[in-house]
Amino acid sequence: MSELRWHPLRREWVITATHRQDRTFLPPPGHCPLCPTQPGAEPTEIDRPDFDIVVFENRFPSLSERPPRPAVEGTDLTPVASAFGRCEVVVYTPRHDITLAEVDVRRIRHLIGVWADRTRELGAVEGVAYVYVFENKGESIGVTLHHPHGQIYAYPAVPPVPAQESAAAREHRDQTGGCLWCGLMEQEERDGRRLVLRSEHWQAVVPSYARWPYEVHLTARRHAGWLHELTPSEVEDLARTLKALLLKYDRLFGFSLPYVMAVHQRPTDGGDHDAYHLHIEFYPPNRTERKLKYLAGSEAGAGAFINDTLPEETAARLRELPPQDAAELVDADELVDPEGRPLVGA
Ligand code: ZN
Ligand code: ZN
Ligand code: FE
């Protein structure tokens, strides 16, 4: 069962997806559905012995091209709609015990190309209002499969976060003639205290309004809206900057840091979104090595985030960790030790 139910108080859609209760939950090693199928072994989701990057439809999709009939009928106050859309899984390495931080630059570049292609294709589908590329990493984020993978959701309505950002950007443009993100980037360059990484085409900062202690926003220096608008050198630079940021994250507490990575691109609903500026947001749940930030009373019930760290201090901490310059990352093979184990923080 899957459908959209309108929340008239928050004015947003809630997606029901009851079949997701049955999905695979942390399968034992050797039974990973995202590992390549070994010759003679039982087949996984990926029916070949090796691959570079694979994209397929989620077996337990919340949104689908042929959505089931809603379980209940809507009313004027609480409309119900069918859960049209698409949910895809992006498996970007055949290696089970690696993370995006450890994947080589060449493969990350290819992955960005895959995200861009899927965005263009799904965004062109009639009825798709928003294409969202994201990755949940780590058990503390609720990941149900260890094998590194990202996801792509094509929504039938622009979800609340990008919708709010786009409205803010539109209003700012109408009032000032300028781009909100371009203005924020300039301010961060001038101030300098919250910069984490600077490269030719990208800027990574802990924004002054960070809601999570180590939240980072990675923004394109050029006013682009979608990944498929990036030039090859912007993609190349993004691959290095993304990897450099994730390596910093893993060095922060000395373990592979969980996070939510949210790629924020321009909506595809045909509305006025020219003011929207491509950026990627990262929310690690860790406040400290051991303590996680939970969405508690103020956050969950009132929507007011309390960040008990100073962005100027967390940014300085991330900035000082290596690598300090994304350009120094080489196009090497995945970083592994002689036994083939990934080198975390190498
Ligand atoms: Zn696996
Ligand atoms: Zn801009
Ligand atoms: Fe955003």
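Here is a chat about the metal sites and the cavity of this predicted model.

The model is predicted, so local features need pLDDT of at least 70 and side-chain atom pairs count only at pLDDT 80 or more, while totals for chains, interfaces and linings use all residues. Residues are numbered from 1 along each chain as its sequence is written, chains are lettered from A and ligands numbered from 1 in the order written, and side-chain values use heavy atoms, with hydrogens and water left out.

Colleague: Which residues coordinate the zinc ion (ligand 1)?

Modeller: Let's look for donors, meaning N, O and S atoms within 2.8 Å of the metal (3.2 Å for Na, K and Ca); water is not among the atoms, so sites may look incomplete. Here the distances run from 2.0 to 2.3 Å. The residues are Cys32, Cys35, His96 and His147.

Colleague: What is the geometry of the site of the zinc ion (ligand 2)?

Modeller: Its protein donors are Cys179 (SG), Cys182 (SG), His223 (ND1) and His277 (ND1). Four donors count as tetrahedral if all angles lie between 85 and 135 degrees. The angles among these four donor atoms are 100 to 128 degrees, and the site is tetrahedral.

Colleague: Is His277 buried or exposed?

Modeller: Buried means under 20% relative accessible area and exposed over 50%, with partly exposed in between (1.4 Å probe, protein chains only). His277 has a relative accessible area of 0%, so it is buried.

Colleague: Which element gives the most to the lining of the largest cavity?

Modeller: On a 1 Å grid over the protein atoms alone, a cavity is a set of points where a 1.4 Å probe fits but cannot get out, and lining residues have an atom within 4 Å of a point. Trp181, Leu184 and Met185 are among the lining residues. At least two residues come from each of α3, β9 and β10. With four residues, the top contributor is α3.

Colleague: What is the volume of the largest cavity?

Modeller: Grid points are joined across faces, edges and corners, and a volume is the space filled by probe spheres set on the points. The whole structure has one cavity of 30 Å³ or more. For the largest cavity, the volume is about 100 Å³.

Terms used
Four donors count as tetrahedral if all angles lie between 85 and 135 degrees; four count as square planar and six as octahedral if opposite donors are over 155 degrees apart and all others between 65 and 115; anything else is irregular. On a 1 Å grid over the protein atoms alone, a cavity is a set of points where a 1.4 Å probe fits but cannot get out, and a pocket is an open set with protein on both sides within 12 Å along at least five of seven lines; lining residues have an atom within 4 Å of a point.
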